[in-house]
Amino acid sequence: MNHGSGPSASVVRGAAGFLIFLALAEAAVSTGIVDVGSIPPPTEIAAGMFELITSASFLGQVWVTVKGAAVGLGAAIVAGVTLGVLLSTSGVFRRLLLPVIEVVRPLPGVAYAPLLIAVFQRGLMSRSLTVAIACTWPILFNTRSGFDAVDPIAIQTARSFSETRFGVIRRVSLLSASPFIFTGVRISASIAIIVEIAVEILIPDGTGIGGFLADAGSGGVDLATIYGATFVAGLLSLLLNFGLNTIDNRLFAWRQGLGA
Amino acid sequence: MSMSGRVWRVVTALGSLTVVVIGWQLLTASSESYFFPPPSEVFPHLWRGHGGIAEPPYLSPSPSDLFLGAGFYEDLVPSMWRMLRGYAMATAVGIGTGTALGLSRAARQYTDWIINFVRAIPPPALLGIWIVVFGLGDGPKIYLIAFAVVWPILLNTIDGVASVDEQRKQVAAVFKIPFRRQLTGLYLPSASPKIISGMRISLGFALIMMIISEFAGATNGLGFRLKEDLSFFNFPDLWATMILLSAIGLLLNGLMFWAEARILGWHRKASEVSNL
């Protein structure tokens with residue numbers, strides 16, 4: 001490793017690259033070198049973004065999307081961890097449930113959306129249930145790999161201190177699998193936003209970022225605003241990633257100490 | 001695992017699946033809800049036309065049709081063809097760009113923010129604009145699939161190429177191996193396990209994006225049919241398409257694991273030999 005160009009150099013270069021990219025895009029679009037009437041210059045998109053972020057009605061739609069994704073992700077964490085623990089600790093469950101899971105899992109979560117919309121109508125319930133189905137799998141499988149990676153000596157030690165089976169799962173296995181589970185949650189968080197927006201687009205009723213985009217696309221809103229809304233969605237998922245990364249580093253710093 | 005153990009496992013697996021299907025049949029047959037038609041009604045929709053609002057079936061009972069129904073040609077093939085083209089585009093762009101960025105540390109640093117910013121955009125949010133920009137044809141759907149699935153391939157290629165063993169690079173330099181041959185003989189083979197695992201992640205994701213890309217501005221395809229079946233309250237056909245999608249997902253998974261095992265089996269042997 002070259003210590004001369006540490007993290008600060010990479011940040012400087014990253015920022016420089018990004019600014020150069022924006023400047024080139026601005027120059028290309030506004031001078032007409034690249035004739036794409038369909039792409040507004042970055043400054044116009046940024047203005048559109050600013051207008052959206054300061055508009056209460058758009059922020060309301062962002063909140064709809066955030067709520068749907070968050071409720072779905074929460075349900076997926078409960079379902080994924082519960083199923084993962086059951087599958088990892090009980091041979092009977094594994095034998096009976098795993099074949100069913102192997103058959104059900106290949107069906108993409110978004111494919112449940114039409115059925116769920118039919119049953120529960122458009123709204124938080126159908127959207128967040130679709131999100132929950134799509135997000136359960138990564139959490140479930142990361143929980144399982146976390147349980148597979150538990151140090152058997154730790155389990156034996158806990159047993160010899162006459163911990164009950166449930167006590168071992170709770171105080172040893174679940175704790176040592178928690179970084180893996182959190183990785184699953186991080187993967188699922190980006191899936192949650194994608195699925196949430198996809199379901200909003202399926203039968204748009206003007207709610208959520210997806211609904212806003214679907215309305216804007218058909219209703220003659222200017223392109224800078226549409227691109228602006230798309231980038232706000234990007235910003236949202238960037239913030240979420242950053243937040244979860246920070247939590248991961250804070251909460252699971254001890255993992256580094258274990259040399260894992 | 002012993003032979004009898006394996007047989008026992010298959011028996012319990014099939015047993016539990018049978019119980020699930022029978023339970024599904026019993027529960028739905030006794031219920032009045034038309035959201036949940038019994039499997040005995042759903043499965044025939046895969047191969048028999050039902051007229052009226054019913055969609056053309058994917059399969060056909062007639063051998064002269066090669067057992068393929070109109071729905072196969074009108075919806076399944078267009079969907080899969082778009083998915084394949086989007087996936088191929090993502091693979092080409094991902095491996096190409098990823099190799100270039102993997103070779104140069106400076107290039108990686110300069111593009112880091114751009115990649116992270118663009119990658120954060122949830123792909124379905126682009127569907128609206130791209131329909132406006134590229135029209136209602138196959139274009140926006142293929143680009144959407146490619147945009148969504150390029151990231152695992154790109155990032156894994158960068159990672160794989162950037163982490164090629166330092167000693168091997170020096171050997172290549174000492175013997176003045178031409179760059180082209182270093183690429184095909186050193187960088188790409190060394191990076192192949194990472195590239196292939198990125199391609200596997202992307203293939204599953206391509207199926208998801210294929211469905212999403214047909215949720216708006218489509219006139220055929222499996223995702224389009226899901227949407228149509230919802231608007232016409234045609235639930236037997238909706239379930240039939242869901243079953244078909246599970247089967248496709250299962251098939252793609254199997255295909256990719258098979259390909260990975262084959263290609264990486266070679267890789268494992270090759271690196272074992274060179275580690276002697």
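Q: What makes up 45% of the 260 residues in chain A?
A: Buried residues make up that 45%, where buried means under 20% relative accessible area, exposed over 50% and partly exposed in between, with a 1.4 Å probe and protein chains only. The model is predicted, and local features need pLDDT of at least 70, side-chain atom pairs count only at pLDDT 80 or more, and totals for chains, interfaces and linings use all residues. Residues are numbered from 1 along each chain as its sequence is written, chains are lettered from A and ligands numbered from 1 in the order in which they are written, and side-chain values use heavy atoms, without hydrogens and water.

Q: Why is T225(A) called buried?
A: T225(A) has 15% relative accessibility, and the limit for buried is under 20%, so T225(A) counts as buried.

Q: Which residues is T225(A) in contact with, leaving aside its neighbours within four places in sequence?
A: They are L52(A) and F212(A); contact means heavy atoms within 4.5 Å.

Q: How many helices and strands are there in chain A?
A: Chain A has eleven helices and zero strands. Helices (H or I, at least four residues) and strands (E, at least two) are DSSP runs, numbered from the N terminus.

Q: Why is chain A called more spread out than a compact globule?
A: Its radius of gyration is 23 Å, well over the 18 Å that the globule rule gives for 260 residues, so chain A is more spread out than a compact globule. The radius is taken over C-alpha atoms, and the rule is 2.2 Å times the number of residues to the power 0.38.
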